[in-house]
Amino acid sequence: MKTIPLLAILLLANYSRASAQELTPAQTDFFENHIRPILADKCYKCHSTLAEKIKGGLLLDSREALLKGGDSGKAIVPGDPEASLLIKAVRYTDPDLQMPKDKKLADDEIAALEQWVKMGAPDPRTATADQRKWSDNKTNHWAWQPIKRVAIPEASDSDWCKTPVDNFILAKLDENGLKPNPPADKRTLIRRATFDLIGLPPTVEEVEAFVNDNSSDAFAKVVDRLLASPHYGERWGRHWLDVARYSDTKGAPRRNTEDNVNPFAWTYRDYVIRSFNEDKPYNKFIMEQLAADRLPSTQYNPASLAALGFLTTGDHFMGMQNDIINDRIDVTCKGFLALTVTCARCHDHKFDPIPQKDYYSLRGIFDSCTEPKIEPVIVRVTDSLAYQSYARQREQLANKEFELESSLPKLRRAEDREAFKMAQRDLRETEHAISELELTNPAAPSRAMVLEDTMKGHDSPVFIRGEAGNRGEIVPRRFLQMLSAPVRPVYTNGSGRLQLAMAIASPNNPLTPRVMINRIWLHHFGAGFVPTPDDFGMMSDPPSHPELIDYLAMNLMTNGWSIKKIHRLIMLSSVYQESSTDNPRYAAIDPGNRLLWRANLRRLEFEPLRDSLLAIGGILNTNLYGRPVDLRQHPESNRRTIYDFVDRANIPDVLINFDFATPDMVTGIRHQTTVPQQALFLMNSPIVIDLARRLVALPEFVDLDDDTARLKFLYERIYQRLPEPEEVSLGLEFVTQTPLRDDNSIAVASNLDEGKKRLGKKNRQPPFLNKKRAPLTSWEEFAQALLQANETSFIN
Amino acid sequence: MRNQQFALTVISDKAMNQDDNYKSEHSVHLEDHFLTRRQFLQRAGMGFGALSLAALFGEGLLSNIAHAEAEATLLPKVPPFPAKAKHVVHVFAQGAPSHVDTWDPKPALTRMDGKEIPNMNGVGYGSPFKFTNRGKAGIEVSEVFPQMGDMVDDLAVIRSCYTDIPAHEVATIMMNTGSRLVRPSLGSWVLYGLGSENQNMPGFISLRPGGAPPGGTSNWQSAFLPGLYQGVSINTKVPTLNQLIENIRNPVTPLEEQRRQLDLVHKLNEIHSQNLQKEAQLESRLEAFEMAFKMQTEATDAFDLSKEPQGIRELYGRSAQGNQMLITRRLIERGVRFVQVWAGGWDHHQDLEERLPERAKDIDQPLAAFIKDLKQRGLFDETLIVWGGEFGRKPTRDRNGGDNPGRDHNAKAFSTILAGGGVRGGMTYGATDEFGNAAIENKVHVHDLHATILALLGFDHKKLTYRYNGRDFRLTETYGEIIKPVIA
């Protein structure tokens with residue numbers, strides 16, 4: 001250690017060179033002999049990439065990291081020990097900054113560090129592998145490369161390749177020595193297409209028409225008919241609502257000031273359905289959901305304000321603004337970009353090139369927005385008697401609300417706890433009455449759950465470690481670094497939401513179209529090119545068909561961002577029309593069928609399952625749009641399931657059991673679990689039992705002459721096909737046996753009783769037939785068995 | 001069948017490499033192990049011994065073959081380390097019980113009763129209850145828990161718990177999920193890690209006597225874990241067994257007839273799947289129907305307390321909590337993995353002297369009975385019991401109390417009781433300051449409790465992870481230290 005002063009003098013001559021890449025051998029020696037051992041022994045435990053937990057956001061295991069510093073700022077100022085936090089910390093002079101925490105370094109160790117900083121901190125270490133990877137991501141990872149115009153591969157089988165999509169698929173199959181399955185039969189195909197596009201089974205007539213249509217564009221006609229159906233929006237709108245974590249309630253409302261219900265969330269749901277039905281260009285769909293209030297077109301179409309529900313129908317986290325903003329950043333970035341930006345709330349993203357500052361750039365944008373207390377009306381109001389009655393009630397409630405609100409500060413000042421609490425309770429009740437009125441009164445004009453810019457936009461500080469009380473540098477409002485040109489424009493127009501929307505919807509943004517293409521593909525095939533639709537980051541699996549995803553992304557943009565055109569392109573391809581038949585040899589090579597040598601067997605989600613049961617029974621209410629129906633309170637409702645009232649704090653068991661998308665997070669793909677509760681629904685629920693009775697009570701069924709004809713009727717009605725001879729004999733055998741009866745074991749379904757009571761009171765819908773507790777006949781049981789069997793719940 | 005044979009031989013070497021093409025450099029994850037049993041056997045080409053072999057082969061083999069079609073199941077799984085406990089019963093004393101009146105005696109506070117305590121901005125409120133030394137261990141327990149006091153040699157009394165935020169809903173969710181955000185609950189993690197021993201019952205059941213607790217479903221949610229790991233919430237106050245689980249009984253078809261119908265369904269499915277790839281989904285659906293059929297009788301049976309002898313009913317007491325604890329025992333007996341029992345009402349801002357003993361009385365006899373009953377059935381050693389609230393209370397008088405004082409919320413200190421599987425009984429752990437205002441010695445955060453519970457079940461809490469949106473999530477986030485001294 002005695003040699004240090006001498007050595008230091010020698011090295012000081014090289015001071016200016018220390019920051020350059022090349023170090024003299026003496027500098028390297030000094031570092032290796034005197035500095036690295038201290039850092040490694042005393043600091044790396046908490047301050048290196050290998051640390052179990054990195055403390056204070058500070059890394060000391062590379063020169064870059066050292067200079068970058070941690071939460072408290074730069075660790076060293078080369079050449080100036082007095083200004084270097086690291087030196088201050090090891091000196092133990094500041095009681096709030098003493099490192100290493102457990103024991104002060106020896107004096108000669110401190111001296112060595114001081115000398116080293118004075119020398120300009122020569123440091124031969126480069127960033128560790130992990131850190132390098134982080135900075136190289138931007139150039140390497142496929143997902144953030146510009147979309148390439150790709151050449152369509154040559155077809156080895158030009159008959160099979162009906163569209164360019166097929167060329168890409170076939171090329172990959174060829175590479176792996178696989179051949180595509182033969183086409184599915186027409187009945188299977190129309191059933192698949194109909195469930196895919198409108199979430200309902202085809203009618204017997206539709207099937208017959210298609211089977212008998214021998215023209216070459218027979219299937220194209222089916223696809224076009226389905227794309228034109230208003231039920232298309234109900235099916236694909238629901239997929240989008242999964243992404244938009246849609247709910248009709250606030251989850252955890254602001255205590256004492258808010259009611260739990262969002263009485264106008266449904267206007268956003270309707271906006272989504274309508275947008276899909278109108279084939280709204282996807283870039284416009286994005287712009288409206290992020291910034292409809294700032295778009296000139298909104299002037300002519302105020303209804304599009306409802307689009308902002310994308311941002312505002314999230315959880316209210318008991319009024320914790322930072323969590324609300326976090327949720328908005330999350331839904332925006334995962335939903336449109338498949339980026340997990342919210343990981344950067346507390347620290348730089350561990351895997352993707354998203355610095356913590358980027359999160360706070362976005363935070364600034366959303367923190368410069370507010371929700372008005374009264375939402376704007378988006379329909380023309382007609383001055384009917386019903387409206388006047390509504391308006392009177394609304395006014396009374398508004399007056400009461402105003403009185404109570406203005407009484408609260410006085411009561412608080414007076415420290416009259418009892419009166420204060422009472423007023424709070426009254427206010428809560430008033431808020432609840434208001435949302436009840438708005439939600440249920442048909443004369444209440446529709447409103448949009450908008451977000452507005454505050455008078456003046458402001459930038460946000462970085463919250464160090466995500467702690468709101470621990471403020472760091474203020475960062476400008478602007479877009480993510482990884483998706484921007486080197487000079488990033490700063491947003492000054494209001495909150496900056498409009499500019500953010502433009503950046504996301506920009507054709508130069510490679511993620512936006514790729515992410516949407518992946519979402520569309522996934523709902524046609526059961527799996528996306530990228531298996532994780534909400535995360536295209538470094539931790540996601542690479543796409544199965546990278547060229548095809550780019551081809552389709554380019555196609556989406558060049559065709560006016562039309563989603564319907566993409567459906568058409570995909571569905572008219574041979575790959576969509578393959579059969580799902582097994583091929584054990586191929587299954588051994590590609591068990592997950594990622595190369596799509598066959599069609600995937602897919603299970604229906606709860607919505608199309610319940611909707612198809614109602615459709616098969618002939619009682620589906622095909623009305624579109626409107627206020628939600630609470631299916632728990634009205635199990636007899638025959639509206640489509642998408643119109644169910646979604647209470648995020650209280651999702652019904654039946655939805656949970658069928659893997660409904662949790663409305664608290666972006667859900668690009670639902671889980672697919674198989675649990676006994678799903679079977680119980682088909683075995684025991686009133687809706688299924690009722691349907692079985694209903695089918696057998698249909699005049700078309702009753703009027704048939706013989707049992708075989710009846711079997712055929714049920715097969716066509718439920719499966720849209722005729723039974724095989726094996727199925728006929730099985731069915732006949734079953735229905736000719738007398739059901740076993742044990743009257744003692746007939747349980748009483750209490751939920752039926754409840755349903756009946758409510759029906760008696762409100763009498764809104766045709767009552768369930770199975771109010772009768774008579775046991776099922778053989779035929780009814782047979783019909784129910786068909787409904788329980790796999791074919792009802794799966795598309796193949 | 002020949003084709004299938006062929007597939008099996010190919011898979012054992014070739015398909016695994018094939019899968020590698022699609023695999024990124026991910027480390028191995030538990031979710032990759034979730035094949036259905038049939039799928040696994042089919043893929044691996046092994047007999048039933050394969051299930052235990054899976055553990056021997058370790059992660060590599062399984063993750064490779066499972067990658068493409070990972071699927072969740074409730075089949076029982078062996079934890080990576082020897083487990084001390086197989087089941088968990090979490091009795092949640094929601095409302096935040098006062099620790100200084102129950103498990104954490106503070107004579108210094110008694111001396112300061114009615115006097116201003118420095119730096120605490122309030123007047124001291126000495127506990128109105130008497131503490132006496134109980135059990136061989138001589139641990140001081142409040143008179144409000146006479147019967148639990150008798151059991152103290154089986155209990156580990158942790159006196160140094162703390163949490164982040166003293167608000168009921170946030171802290172209740174925190175205790176159950178380890179987070180304020182949307183995260184899977186403790187029970188869901190346990191079910192994900194261990195599966196269930198009874199396939200005819202839900203593996204994670206939450207019992208509540210009436211309405212939903214603060215935070216509602218968040219407390220038993222599975223969040224990003226698959227839905228089958230979600231707790232099934234059951235209102236134990238519903239009048240009939242049929243109302244306990246949705247669609248648990250058929251309103252019109254007798255069981256024998258339903259059996260005949262179900263056999264037909266299976267035959268229909270067989271015809272349907274003839275040409276399809278042997279899908280795990282279809283196979284597990286067949287099993288699901290069979291389970292559902294059995295559940296109809298078994299699940300309702302578990303809740304049918306009329307089947308218990310008089311003596312046992314008296315042991316637990318015929319009260320709401322007595323019923324809940326007795327149901328809990330019937331569930332544990334049937335192999336249910338995790339039971340959450342809501343036993344709340346502890347938010348005593350005023351009238352503490354009168355109201356706290358009532359709440360204590362609600363649970364004192366049932367919980368003591370539960371321990372005794374598990375012991376006589378040999379289940380105590382494999383069942384981890386947790387009793388505690390979401391935070392504690394202040395040593396000072398709550399200013400709302402007036403003449404009938406209570407205590408305000410306090411996130412800095414509370415007590416939690418552990419017992420049963422793997423827990424060292426007859427001990428106290430940690431300490432609060434002389435007035436009980438804050439934990440100061442061997443502090444135990446909620447994350448530490450979670451880490452300890454997982455450790456008792458045979459898991460390293462840092463390794464029980466689930467990949468969601470590119471990140472490995474775990475119950476304890478980036479925190480959690482195991483409280484080793486309480487582990488026997």
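**Notebook: a look through chains A and B**

I began with chain B and counted 14 helices and 19 strands; these are DSSP runs, numbered from the N terminus, with helices being H or I of at least four residues and strands being E of at least two. Before going on, I noted that this is a predicted model, where local features need pLDDT of at least 70, side-chain atom pairs count only at pLDDT 80 or more, and totals for chains, interfaces and linings use all residues. Residues are numbered from 1 along each chain as its sequence is written, while chains are lettered from A and ligands numbered from 1 in the order in which they are written.

**Chain B overall**

I looked up burial next. A residue is buried if 20 or more other C-beta atoms lie within 10 Å of its own, exposed if 12 or fewer, and partly exposed in between, with C-beta atoms placed from the backbone. By that rule, 55% of the 488 residues of chain B count as buried. Then I checked contacts, meaning residue pairs whose C-beta atoms, placed from the backbone, lie within 7 Å. Among those in chain B between residues at least 6 apart in sequence, 77% join residues at least 24 apart.

**Strand E9 of chain B**

I picked out E9(B), residues 338-342, and found five of its five residues buried. Phe338(B), Gln340(B) and Trp342(B) point one way, and Val339(B) and Val341(B) the other way.

Which strands does E9(B) pair with? Pairing takes at least two DSSP bridges between two strands. Strand E1 of chain B (residues 87-92) runs parallel to E9(B) and is joined to it by five bridges. Strand E7 of chain B (residues 204-208) is also parallel to E9(B), with four bridges.

**Cores**

Leaving out residues up to four places away in sequence, Val91(B) touches Val341(B), Ala343(B), Ile363(B), Leu367(B), Val386(B) and Trp387(B).

A nonpolar core here is a set of buried Ala, Val, Leu, Ile, Met, Phe, Trp, Tyr and Cys residues joined through C-beta atoms within 7 Å. The largest one has 281 residues, and Leu308(A) and Val91(B) have the most contacts inside it. Helix H13 of chain B (residues 352-376) gives this core its largest share, ten residues. There is also a second, separate core of 23 residues, with Leu59(A), Leu66(A), Met99(A) and Leu105(A) included.

**Where the chains touch**

I found 83 residues of chain A in contact with 67 residues of chain B. On the chain A side, H27(A) gives the most, with seven residues. That side divides into 39 nonpolar, 23 polar and 21 charged residues; Ala, Val, Leu, Ile, Met, Phe, Trp, Tyr, Cys and Pro count as nonpolar, Asp, Glu, Lys and Arg as charged, and the others, Gly among them, as polar.

Most residues other than glycine have a negative phi, and most peptide bonds are trans. I looked for exceptions.

- Met99(A) and Pro100(A) are joined by a cis peptide bond, with omega about -10 degrees. Pro100(A) is in the loop between helices H4 (85-91) and H5 (107-118) of chain A.
- Arg245(A) has a positive phi, near 40 degrees. Is Arg245(A) buried or exposed? Arg245(A) counts as buried because it has 25 C-beta neighbours inside 10 Å.
- Glu477(B) has a positive phi too, near 50 degrees, and lies in the segment after strand E19 (471-474) of chain B. With 14 other C-beta atoms within 10 Å, Glu477(B) is partly exposed.

Note on methods. Contact = placed C-beta atoms within 7 Å.
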